[in-house]
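Colleague: Could you walk me through this model, starting with how the helices sit on the sheet?

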Amino acid sequence: MQNTILIIEDNEGLTKLLTRIMQGKGYKTVCVSNGLEALSWLKEHTPFLAILDYSLPDMNGIEFIEGLCKQTSNLPPFIVSTGQGDERIAVKMMKLGARDYIVKDNNFLEMLPHVVDKIAKVINNENKFLLLEASLKESNQLNSQIISSVQEGVIVYDTNLRYKVWNPFMEELTGMPAADVLGKYALDVLPFLEETGAYNNLKKALKGEFTPELDIQFQIHSTQKSGWVSDSMGPMFDTDGKVVGVFSTVRDIADRKLAEEALRKSEAIQSKMVANIGDVITIIDKDSINRYKSPNIEKWFGWKPEERINQNTLNIVHPDDLENAQDFFNSLAQKHDNTGILEFRYKCKDGNYKWIQFTGVNLFNDKDINGILGNYHDISDRKASEHELLKIKERVEESEAKFKSAYYTSPDAVNINTLAGEYIETNEGFTRLTGYTREDVIGINSSEIDIWTRPEDRDLLVKTLKEQGKIENLESVFKCKDGSLKTALMSASIIHILNEPHILSVTRDITKRKKVENDLIKAREKAEESNNLKTAFLQNMSHEIRTPMNAISGFTSMLNKPNLSEGKRNSFISIIQSSSDQLLSIVTNILTLSSIETKQEKINIEKVCINDILIELLSIFKPQALNQNVSLYAKQKLSDSQAEIYTDKTKVTQILINLLTNALKFTNEGSIEFGYNLKSVVVAHAETEPEGSEQRLHCGVEVSRSAQMEIYVKDTGIGIKKEYQKNIFERFNQAEISIGKAYGGTGLGLSISQGFVELLGGEIWVESEINKGATFYFTLPYKQVNKTEATNTDLKTIENRKTFLVAEDEEYNFLLIEELLIEQHVELIHAKNGKEAVDICMANANINLILMDIKMPVMDGYTAAKMIKKIRPDLPIIAQTAYALEYEIEVYNDVFDDYLPKPIEAELLIKRVEKYFGK
């Protein structure tokens, strides 16, 4: 069990601390609380190291080692810990084989990790040198095999600090093969050795010194390798004792560094929790001197922690309460584990006093606390209520009228009941709390109106009142008259009316406070969920980074292979370049997201034509779409002049690239369409169109100052489940963990897109159905460059716009027609073959004209036109043909109403359209 530490300790709290410390250093731990249990475990296991408490419940350390010697001759390495600094015991334990002896004083937990590291290094070096010594005796070949198989880096330098041995572990760790290293000087291969201090250790080892283990953070630019290692160095001697080289062992400690960072964060979280809880935490020594005050003392009492530390805690107790406080602390300090509660007035920094409830426990025997651990709870409000009750009682004795005035106006519910529970008197606060009026409950027992939802709380109330005469802050849930439930705090005491005992209770509604507490719990759970998401993201990111790194490292090393063909060399170089681009993209995304989160990302507003961006992206993504057999469309609704707006071109382009990349990733068949619409918030006619209503606008409409361009990317892919549609825009998140595994990716694209959209003054969202595809939308402020043009088109013309069907198998030809007709304000529908054109015409009665290519797959245009004419004989169909001779055109005159020769000319196309619909 090379990585297991056996902890033999009967103090449970200390055991937990030792376990956390050792696990933080990368060790596994096994914990036992007595000697017999430890001896039993050691019969079947051999730990890497044992931490032995000298004073065990059933035996001391000497008896334990003697018992272990009877059991086995192979004692494991062990450290003795004790609360006694007895040198005689230490000497005897060291003679029995202890590697070290540590006293459990205030420095114990700080020293122990260093002692363990020191002994671990000795043990590791002993084991390594034993292995090497045995190997050298067998043969040089066996020695080489052992060095190669050691799961740590092994390096041997000659006296000139040139590399003689560089084992496979070092090759994998650094990405540098031994052939590139052996014979070279240390600093020529690893320049960072000098700045990290490792080179000084090499020079010390040449002088015959064994150097302590050194933690080194490294980065090798040539191989893109980086991480943390621990390096131990020592001299190598010949038979005459002369130094002939340096031996170095290198251990990968990246996981340990991660664990140390996690421990640091955990301790920071604990510190923040202590600083933000409601009560003030304190530690007071036997002389009543403050040794610790939690940071929230400033919030509640105005004092900074450092202003009260090392000060006597009694010097700001109210003079009237000082004697009770002194007696209380003296009594508490008499016996270990004593507990107590005291109420007294505590002076604030501004000179005012607050009532506090101090709860303390004697922990002088606890080496971590070594004092009275206590907390201050502000009970000023409760004392104010109690003081009000005292006033009420005094007024009752003076005057029933005065009593009733104060009684009924109390904000809390104040009741007087018999010991059996019958209501004698209630106030308005009771009505506000429960809904029951005085007339509803006087003379009625509380059990009859079923106000207690937890009968056990009522039983506790009665029992405590009988035993102690009062109860404070009993929290329970009460049922109101309307059936609703309210959480409240009840304090009650026994009073006597006409010499008969009664219960006087004050109940405060804390429903809202409980809701806040529950909200805080939910917030904490949300934070934990976010932390889990980050963990999953880091795991995914590790995979995404290691994948291209593996290719880069692997194929780079292969380039040095002798007799490598030129074809393979070029193929390997192509793979390395592709993997480098992939890795660069991942790093760029991480840096971009960091820039957005830290609000360092800047925007560059300029004149941008959205149509140009669509065309550019169509040409970029078209080849990939064709390879996937997916149709890709770009929809332009405005002329170039109308589509020119003020925005950040780079960011708009990046957003669309991210959305199109996702669409292609998750669409195996079908189509992807991207384009835009205009929308505006209408506020001019509030009586007929309520403020905030939305209407869609198209080209040429005069828009208000709140006009927006709504850009979309629509696909027919796998879709997104409804419950994941909000999550996908969060940092470190994908729709499901399985998505990342199946399709790859870091899950940062949509987060970056959302950040860019928000920077540009828009919003982003998704609409999707599982297995039916998804449509991503984002908006941009429609800040038009050429504002006059947008107002020149009649709205009536837009509302009566025509719908044309373009049957064309070549998508670039469709794109050309779309561009030529953009000024005509028509809606275009694309069919890729004749059969699709027939199907669309049968389903859509709003089509006004068809532009039909004659040569198409599946069904040619002539056959399709004949079928359409049977359904809609009056529908104009214009043939698009490459035939130019009259006799070739005449063949189709019986079906087509007109024709357009290819290549299509803009002027002729417009004339053909105007022929049927006018200008």
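**Helices and sheet**

Modeller: Helix 29 (residues 861-871) lies across strand 31 and strand 32, running at about 155° to strand 31. Helices (H or I, at least four residues) and strands (E, at least two) are DSSP runs numbered from the N terminus, and angles run from 0 to 180 degrees between the N-to-C directions of axes fitted to C-alpha atoms, for helices over the stretch in contact, where contact means heavy atoms within 4.5 Å.

Modeller: This is a predicted model, in which local features need pLDDT of at least 70, side-chain atom pairs count only at pLDDT 80 or more, and totals for chains, interfaces and linings use all residues. Residues are numbered from 1 along each chain as its sequence is written, and side-chain values use heavy atoms, with hydrogens and water left out.

Colleague: And which strands does helix 27 lie across?

Modeller: Helix 27 (residues 811-820) lies across strand 29, strand 30, strand 31 and strand 32 (877-881), and runs at about 170° to strand 30.

Colleague: What order do the strands of the open sheet have?

Modeller: The open sheet has 5 strands in the order 30-29-31-32-33, with parallel pairing, where two strands pair if DSSP finds at least two bridges between them. Its edge strands, each pairing on one side only, are strand 30 (827-831) and strand 33 (898-901). The twist averages 20° from one strand to the next.

Colleague: How many bridges join strand 29 to strand 31?

Modeller: Strand 29 (residues 803-807) and strand 31 (residues 849-853) run parallel and are joined by 4 bridges; Phe804 has Leu849 in strand 31 as its bridge partner.

Colleague: Switching to the whole chain, what does its secondary structure come to?

Modeller: The chain has 31 helices and 33 strands.
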